[in-house]
Amino acid sequence: MTFQKRYAVTFLSILLLTVFFAFPAYADQAESSANFASHSLALSATENIDYWLFEPKNASADMPLIVYLHGGSGRGDDIGKLTDNGFCMWVSEGKFDDVPAYIVFPQLASKYKAGWSANQTGVQKLIESLV
């Protein structure tokens with residue numbers, strides 16, 4: 001990965017986390033529990049994209065969607081791998097239950113050696129299916 005690509009990925013990650021922490025807490029709303037579950041979306045007759053979806057407490061249709069694209073260590077065919085460390089693990093442990101946003105964690109299949117740019121269509125279809 002070139003320096004420019006690494007810089008862009010780092011910048012995007014920092015930007016997403018900044019937006020993520022900028023949301024105020026909604027203490028006035030009635031409590032409901034957040035939900036974190038794995039899903040799979042059929043992209044074609046022979047291909048799926050697996051992902052984790054965090055649905056916030058008091059979810060509503062106007063809440064933002066955060067798309068978190070993992071680094072190379074998350075690539076594979078075992079969706080559980082994403083919850084082994086980092087941001088996805090913290091969300092799965094309930095540490096971000098008060099964040100008023102949906103968060104999707106797609107997993108890049110092991111066959112995509114070139115990274116996320118090789119599966120742009122899959123990510124786009126996933127986002128379109130969620131919004």
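Helices (H or I, at least four residues) and strands (E, at least two) are DSSP runs, numbered from the N terminus. This is a predicted model, where local features need pLDDT of at least 70, side-chain atom pairs count only at pLDDT 80 or more, and totals for chains, interfaces and linings use all residues. Residues are numbered from 1 along each chain as its sequence is written, and side-chain values use heavy atoms, with hydrogens and water left out.

**Whole chain**

Start with the cartoon. The protein chain has 3 helices and 4 strands. Read from the N terminus, the elements run α-β-β-β-α-β-α.

The protein chain exposes about 8100 Å², by the Shrake-Rupley method with a 1.4 Å probe, where for residues only the protein chains shown count as cover. Carbon and sulfur atoms supply 56% of that area. Of the 131 residues, 32% count as buried. Buried means under 20% relative accessible area, exposed over 50%, and partly exposed in between (1.4 Å probe, protein chains only).

Next, contacts, meaning heavy atoms within 4.5 Å. Take those between residues at least 6 apart in sequence: 68% join residues at least 24 apart.

Select Ser38. Ser38 sits in strand S1 (residues 35-42). Ser38 counts as partly exposed because its relative accessible area is 39%. Leave out residues up to four places away in sequence, and Ser38 touches Tyr51, Trp52 and Ile79. Draw a C-alpha to C-alpha distance from Ser38 to Ile79: 7.5 Å in space, against 41 residues in sequence.

Move on to Glu47, in the loop between S1 and strand S2 (48-55). Is Glu47 buried or exposed? Glu47 is buried, at a relative accessible area of 19%. Setting aside neighbours within four places in sequence, the contacts of Glu47 are Leu41, Ala42, Lys111, Tyr112 and Asn119.

**Aromatic rings**

The structure holds 6 aromatic pairs. Zoom in on Phe36 and Phe105: the ring centres are 6.1 Å apart and the planes stand at 70 degrees, so the pair is edge-to-face. This pair links distant parts of the chain, with Phe36 in strand S1 and Phe105 in strand S4, 69 residues apart. Phe105 counts as buried, at 1% relative accessibility.

**Second largest pocket**

Centre on His70, Ser73, Gly74, Leu82 and Asn85. Of the 15 residues lining the second largest pocket, these lie nearest its centre. A pocket here is an open set of points on a 1 Å grid over the protein atoms alone, where a 1.4 Å probe fits, with protein on both sides within 12 Å along at least five of seven lines; lining residues have an atom within 4 Å of a point.

Which elements give two or more residues to this lining? Helix H2 (86-92) and strand S4 (102-106) do. H2 gives the most, with 3 residues.

**Last stop**

Select Asn58, in the loop between S2 and strand S3 (65-67). Check the backbone: phi of Asn58 is near 55 degrees, a positive value in a residue other than glycine.

Notes:
Rings of Phe, Tyr and Trp (its six-membered ring) pair if their centres lie within 6.5 Å; planes under 30 degrees apart count as stacked, over 60 as edge-to-face and the rest as tilted.
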